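Trainee: I would like to go through some of the labels used for this structure and ask what each one rests on.

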Amino acid sequence: MIRPLHTLILTAAALLPLLPASLSAAEGTPGRERLLLNEGWRFALGDSRGGTRDFDAVPVGTAFNYFSKAGRAEGAAAEKFDDSQWQEVTLPHDWAVALPFDARGSHSHGYKALGKLFPENSVGWYRRKFVVPQEDLGRRIFVEFDGIFRDSRVWVNGFYLGTKESGYASFAYDMTEYLNYGGENTIVVRADATLEEGWFYEGAGIYRNVWLLKTAPVHVARHGVFVRSDLSADLAVATVKASATVRNDSPAEAVLLVRSVLYSPKGEVVAQAETVPAVLAPAAEATFESAIPVKGPALWDIEHPNLYRLATIVVASGKEIDRVETRLGIRKIEWTANDGFHLNGKRVQINGTNNHQDHAGVGAAIGDSLNYERIRLLKEMGCNALRTSHNPPTPEVLDACDELGMLVLDETRETGVNEKELGDLREMILRDRNHPSVILWSVGNEEWALEGNPKGELVTRRMQDYGRLFDDTRPFTVAISGGWGVGSSTTTEVMGFNYFNHGDMDSFHAQFPDKPTVGTEEGAGCCTRGIYVQDMAACLLPAYDRYKEKWFVLAGESVPHYEARKWAAGAFRWTGFDYRGEPSPFGWPAIASGFGVMDTCGFPKDTYFYYKAWWTKESVIHVFPHWNWKGSEGRPIEVWVFSNAEEVELFLNGKSLGKKTMEKFGHLEWSVPFAPGKLLARGYVGGKAVMEDFVETTGAPASVRLTPRKTTLAADGDDVSLVTVEVLDAQGRAVPDADTLVRFALSGPGRIVGVGNGSPVSHEADQFPEGMVWQRSLFNGLAQVIVKTRRGEPGKIALSATAEGLAPARVEIAAATCPLKPSVPVLSLTEPHNASPVPVLVEVDMPANDEKKE
């Protein structure tokens, strides 16, 4: 309940007499702290006895006593359980990536030894000890999980906090009453990845960040700030509208106001506003509205992603008792039925990609820095939009898109209208609605039981109506693969086409001329990086833009199709990166898809340059295949060139093989009898040679080369450098078909967190236990090592690489001192941390029970 005190804004001095003395506890409580809780976890795999394979985590016969009495959880969930023999891990953590491959495993999940046939590998336990200072008594304290895969159960100090089925939803628990103030506390998480949620590799465990949140009793509610902007027709004036939902968790009424302060992209105060003071009853919430005018706003767009910052401040007795800072972009979006998508009054062709959360070496446990790197790799190709297929993303993915200028189609995981599905939709929208990069919500993907029938019409309408309760500034879509013109397609606000050859887009547009449209999935041709001869037995497909399953579309088909239909907004390519699972058209031993424009390491396939040629304004020319065809002298080799030059001339060893005209959105081909040497493509614009690219025949491997993508990192425990591994011949040329096994060693304040090579058939390990040598074979000339810093440890990181018979390589990466995100200190396993906990838990004798073992 909320009661306004006055219709005018009162000064702090005038407000003082109105404040009840009972609010003094809130006034004296420190403000908001959000602390990273990623380090210092213990992990054990398996659930055969309730906790681990290696020892009895739960006494026999007590498997269901996790919930029987408050605070009396047993086994691995118990507060005092001995986890000293468990593995130390730092989050994010994906235990599935380290599991072996097995032909009995799930085809769609990359044949990992995980799931119903592998119960010993499908449940994992995590424990984390931490101290809550005595002075925190009186604050509200929460644990926030950005995502756990999946079916998680969480306890603190033996008290059950809750269960979350979805592996993609973010969630939080209030732990306030269960904590030991001035003493040690233990959070326990059980994750069960037995069941699959998607049809692609999903990982297992706490694969996203965890946070400890402390607030005053009167505080901004979770996801309680909602910021949006209105722009004048000439874009010269903006109004930033801010809603702040405040919660009173104290036992007394609270008299408060909300102050909103807007900071420019340069950090300068632009303007501020205050609400009318009001009285908020105990256990109540209220929403306070503000409007801030901004003249000459710096707009957010793809090329100039300007970000403002809004400080939402809760004030009582003239004192700040809570503050939440929210980044925002001032921009105007419009979806039109006859001219596609507009950003700030200008049409923008959506040149997007779909992507799962999966990277070589680390699986689903992609930290913040690596998420940024992946968005940068897509931007370098000319990609301007990301569809978070098929689930809400890690929050930091959206941060990266905000900062780098990447549009986002944000998609929920499950389609439906029950409490769970609508609840997950609500959480996604509330969490993500302040991101300027998000331009469209998706409530489903290829829901075959709903496409083309009345159920789809009803379910889509209800989900959209429900979603608009939390955000009415963006439209909704459904990605639909059939039944166009009936069912879901009739009620979705923006029609999402999955593959234009599944129906007749033109007829749909004629039937629904007022409905905006976008290609939610397109261009899913399959290919393998560095392969140019089809080998179905080896599960390898040539890298030419040629192979597709009958229901998919090639790059050279999808791009011109959408460019010719400006009434559609553009399309999202399937996919930006290869991913584990869905190794279509193959089964075992293939373990990864071939749909990506880049492989699982982010190494470009040849088709990457097709997109870059037509999606960017850069001069692009790319000739392939490689020119190492020993033993095939005189055999015709199919040569392709991707380029945005007007004409391209091909040369072999200096001799012209002819000049050809490049059609827009096309490519060029030659048949060239192989002869060792240099194959060069030269591009012409206006009759002048302006670009060229070449491949040449190399010698045998002679040395190893390491090339870090970044040579200076932040010593924050998260920053990574993707190090490319190659072998060179005696003349220093990279050998494109090498498969050399390379071993790695690292010294200094860093660590190797994963290795990969982009092969869709490699069963080599991505990670190695402590004490083992890290190694990886090259696949078609390339491999990758992911080097991560250690938190608060600056210095020089040295990575070395050796291979039998080759000269070694060594590279240094600087770990630079940097500001650190506030985090929860890691406790030593040998130090006592049990000083006078409050409240005191009194042990009582329990009667004998055949089902209970004390």
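Trainee: Why is E427 called buried?

Mentor: This is a predicted model, and the value is computed from it. Buried means under 20% relative accessible area. E427 has 12% relative accessibility, so E427 counts as buried.

Trainee: What makes R222 partly exposed?

Mentor: The class lies between under 20% for buried and over 50% for exposed. R222 has a relative accessible area of 35%, so R222 is partly exposed.

Trainee: How do you know that E427 forms a salt bridge with R222?

Mentor: The cut-off is a side-chain nitrogen of Lys or Arg within 4 Å of a carboxyl oxygen of Asp or Glu. In E427 and R222 the closest N and O atoms are 3.0 Å apart, so the pair meets the definition. E427 lies in helix α5 and R222 in strand β12 (residues 218-231), so the pair ties together parts that are 205 residues apart in sequence.

Trainee: Which residue forms a salt bridge with D766?

Mentor: R580 does, with 2.6 Å between the closest N and O atoms. This pair links distant parts of the chain, 186 residues apart: D766 is in the loop between β42 (750-756) and β43 (774-777), and R580 is in the loop between β30 (568-574) and α10 (607-615). D766 and R580 are both buried.

Trainee: What makes R733 and D729 a salt bridge?

Mentor: Their side chains meet at 2.9 Å, N to O, and the definition asks for within 4 Å, so the label applies. R733 and D729 are buried. A search of the whole structure gives 56 salt bridges.

Trainee: Why is strand β26 described as largely enclosed?

Mentor: β26 covers residues 438-445, and eight of its eight residues are buried, so the rest of the structure largely encloses it.

Trainee: How do you know that β25 and β26 are paired?

Mentor: Pairing takes at least two bridges. Strand β25 (residues 407-411) has four bridges to β26, and the two run parallel. E411 stands opposite S442 in β26. With helix α5 (residues 419-432), β25 and β26 make a right-handed β-α-β unit.

Trainee: What joins β26 to strand β27?

Mentor: Three bridges join β26 to β27 (residues 476-480), in the parallel sense. N445 has A479 in β27 as its bridge partner. β26, helix α6 (residues 454-468) and β27 make a right-handed β-α-β unit.

Key. Residues numbered from 1 in each chain as written. Predicted model: local features only at pLDDT ≥ 70, side-chain atom pairs only at ≥ 80, totals over all residues. Heavy atoms only, no water. Buried < 20%, exposed > 50% of the residue type's maximum accessible area, 1.4 Å probe, protein only. Right-handed = clockwise from strand over helix to strand, strands pointing away.
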